[in-house]
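Hello,

Here is the structure we talked about. Please look it over, then read the notes below.

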Amino acid sequence: MLSPVILVPAVLNGLMTGALYALVALGLTLIYGVLHIINFAHGALLTAAMFAAFFAYRLLGLDPYIAAVILTPLFFLLGYGLQRFVIGPASHGDDRNILLVTLGLAVVIENALLYTFRADTRTINLPYAFDVVEIGTAFLAVPRVVAFGATIVVALCLWLIMQWTDTGRAIRAVAKEKLGAELAGIKVAHIYAVTFGLGTACLAIAACLLIPSYYVNPGAGNAFVLIAFTVVVLGGMGSVVGALLGGLFVGVVESLSGLYLGESLGQIGIFVMFILVLLFRPNGLFGERA
Amino acid sequence: MRAIAPILVAMAVLAAVPLITASNVVLNFAVMVLLIALVGQGWNLLGGYGGQYSFGHAAFFGTGAYATAILQMQYGVNAWLGFGFGIAAGALVGAAIGALSFRSGLRGSYFALVTLAFAEVLRIIASVAPITGAGVGTLIKLDLRPEAFQFQGRAPFYWILLGLVGASLILVRAIEGSRFGAYLVAVRENEDAAKAMGVDATLIKLGAMTISAAMTAAGGCFYAQYFLFIDAGIAYGPWISVEALLAPIIGGIGTVFGPLLGALVIKTVGEVTKLMTGDAPGLDLVIYGCVLILVIAFAPRGIAGIADDLRQRFRSHRTAAPATPAALEHGRG
């Protein structure tokens with residue numbers, strides 16, 4: 001059972017899946033770290049991005065990896081607009097209201113997709129979808145290897161933005177001390193919206209990386225986001241490194257529990273882990289104190 | 001008596017509905033309004049009065065529904081008894097989830113997340129476990145006798161449900177005026193301050209959650225008995241969690257009549273959408289979501305809040321109207 005011939009591919013595959021979880025979680029944790037809210041619309045926005053990537057291929061013939069170049073800025077704008085013109089003004093700065101507004105957005109987006117595209121599951125066929133890379137005894141599907149690499153690049157870019165740009169410094173300032181940042185002349189509403197936009201842009205990239213090897217239907221994003229919630233809580237709310245490590249960890253756990261327990265139990269395993277972490281380590285396994 | 005007089009009047013008026021019309025369409029609509037009012041009243045006690053926003057009240061609704069159905073069908077328990085057990089099972093699940101989350105100190109978004117996760121776990125379990133009929137769902141056998149909690153027409157169902165709604169209104173009104181209710185509101189307004197004043201916040205929240213779960217579970221039991229069919233998506237699906245919080249928020253969060261008013265609004269909106277566009281899946285929820293955002297943006301206290309504002313404006317008009325010098329002074333001030 002524990003022979004490396006089975007174990008190594010399972011772990012590697014888990015890491016590949018985990019990278020995508022990490023990317024979805026990255027957006028979530030970024031928004032939480034700055035706005036201190038859990039964005040319940042994250043799953044619906046991921047689904048929307050997956051539909052966008054799907055139709056970019058179907059109608060315009062755009063390869064998902066090329067579509068990412070167009071969809072990422074578009075979703076940045078979408079996220080910016082949502083926070084600036086809907087979530088911000090509608091919630092009057094009250095945390096409970098923000099929760100409800102993002103929940104409302106999730107309901108609207110998800111059901112608008114359901115109404116327009118019905119519950120049908122759609123997939124696209126790319127010539128390279130079933131190509132594999134051989135690493136030792138493991139065969140890894142090309143789209144997943146690309147996704148893994150892209151996630152690392154995105155995380156690196158985010159880190160660079162946060163460290164070296166003025167916007168990044170402003171975001172960090174607002175996350176640390178909102179009032180102080182405002183007094184220093186930073187436009188908090190703008191920074192909130194930029195952060196929300198960055199989080200949403202992560203989803204567009206994740207969607208383009210997912211669509212070559214995954215399906216899309218109006219509930220597709222939710223499966224990922226519940227896992228992303230787990231990842232974010234596990235890694236510590238607001239921690240970017242935590243989200244990355246947490247994502248990879250959850251991916252490996254899922255892959256191994258799928259191997260030993262079977263697929264349907266693996267799904268419950270994630271939820272149980274989520275609840276246990278929430279109950280006993282709400283600040284994350286390696287997160288700082290909230 | 002004075003505190004519950006408006007409730008009794010409202011119940012008396014509503015009780016007349018089946019006497020005026022025998023239309024199944026109208027009664028069906030009225031039953032759905034009352035059902036959401038009951039489920040929403042459960043959410044309102046915990047969320048409106050206690051400030052703990054649950055995104056997973058489906059956990060209690062579904063538990064009540066499944067307990068009633070399974071006890072009847074697989075263990076031959078009498079339907080009325082099963083109804084009672086269903087409520088108790090829901091309360092137990094509420095107490096268990098509450099004990100776990102409140103003792104771990106989960107608040108705000110974290111509490112919303114954990115309730116959502118519990119509802120999802122139960123939904124997945126119900127969709128694979130053999131006892132719930134897995135993907136097929138659970139059917140309650142047709143047995144049209146009052147002893148079996150099944151009736152020829154819809155009117156008896158309606159009156160029973162109205163009785164449950166009336167009881168929930170009176171219960172919430174009683175809690176509102178009690179020490180427990182005052183503690184609960186104190187916890188909502190400022191948990192740390194309430195604790196500092198000697199309120200056992202965890203116990204208070206736990207109590208509220210248990211009662212809240214019982215009310216919502218009663219709705220679930222009724223659903224199973226009325227439609228005689230449930231599956232994992234109906235019983236534990238997100239739709240009921242969303243409607244449970246929509247009704248009180250639209251009607252007036254933390255008010256006794258809020259859930260009933262809100263349920264009337266969302267069910268009316270739902271029906272109108274259906275009439276205008278046919279039975280397209282999802283569209284009613286799109287509108288609910290928009291209404292939720294609009295209410296939070298423009299009328300955070302719901303219909304009850306709007307009514308309050310109007311009443312106050314009307315009053316200040318009246319005091320300003322008479323042209324006596326004293327009243328004029330008062331009006332200016």
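Some ground rules. This is a predicted model: local features need pLDDT of at least 70, side-chain atom pairs count only at pLDDT 80 or more, and totals for chains, interfaces and linings use all residues. Residues are numbered from 1 along each chain as its sequence is written, with chains lettered from A and ligands numbered from 1 in the order in which they are written.

Confidence. The model scores ipTM 0.86 and pTM 0.86. Watch residues 323–333 of chain B, where pLDDT is below 50. Beyond near neighbours in sequence, that stretch has six contacts in the model (C-beta atoms, placed from the backbone, within 7 Å).

Chain B overall. It has 16 helices and two strands. These are DSSP runs, numbered from the N terminus: helices are H or I with at least four residues, strands E with at least two. The C-alpha atoms fill a box of roughly 75 × 55 × 40 Å along the principal axes. Buried residues make up 50% of chain B. Buried means 20 or more other C-beta atoms within 10 Å of a residue's own, with C-beta atoms placed from the backbone.

The interface. 34 residues of chain B contact 35 of chain A. On the chain B side, H6(B) gives the largest share, 12 residues. That side divides into 27 nonpolar, six polar and one charged. Here Ala, Val, Leu, Ile, Met, Phe, Trp, Tyr, Cys and Pro count as nonpolar, Asp, Glu, Lys and Arg as charged, and the others, Gly among them, as polar.

Helix H5 of chain A. It covers residues 142–164. The expected span is 1.5 Å times one less than the number of residues. Its buried residues include A:Arg144, A:Phe148 and A:Thr151. Helix H1 (4–35) and strand E2 (138–141) of chain A are among the elements that cover the buried residues of H5(A).

Best wishes

Definitions and conventions:
pLDDT = per-residue confidence, 0-100. Contact = placed C-beta atoms within 7 Å. Buried ≥ 20, exposed ≤ 12 C-beta atoms within 10 Å, placed from the backbone.
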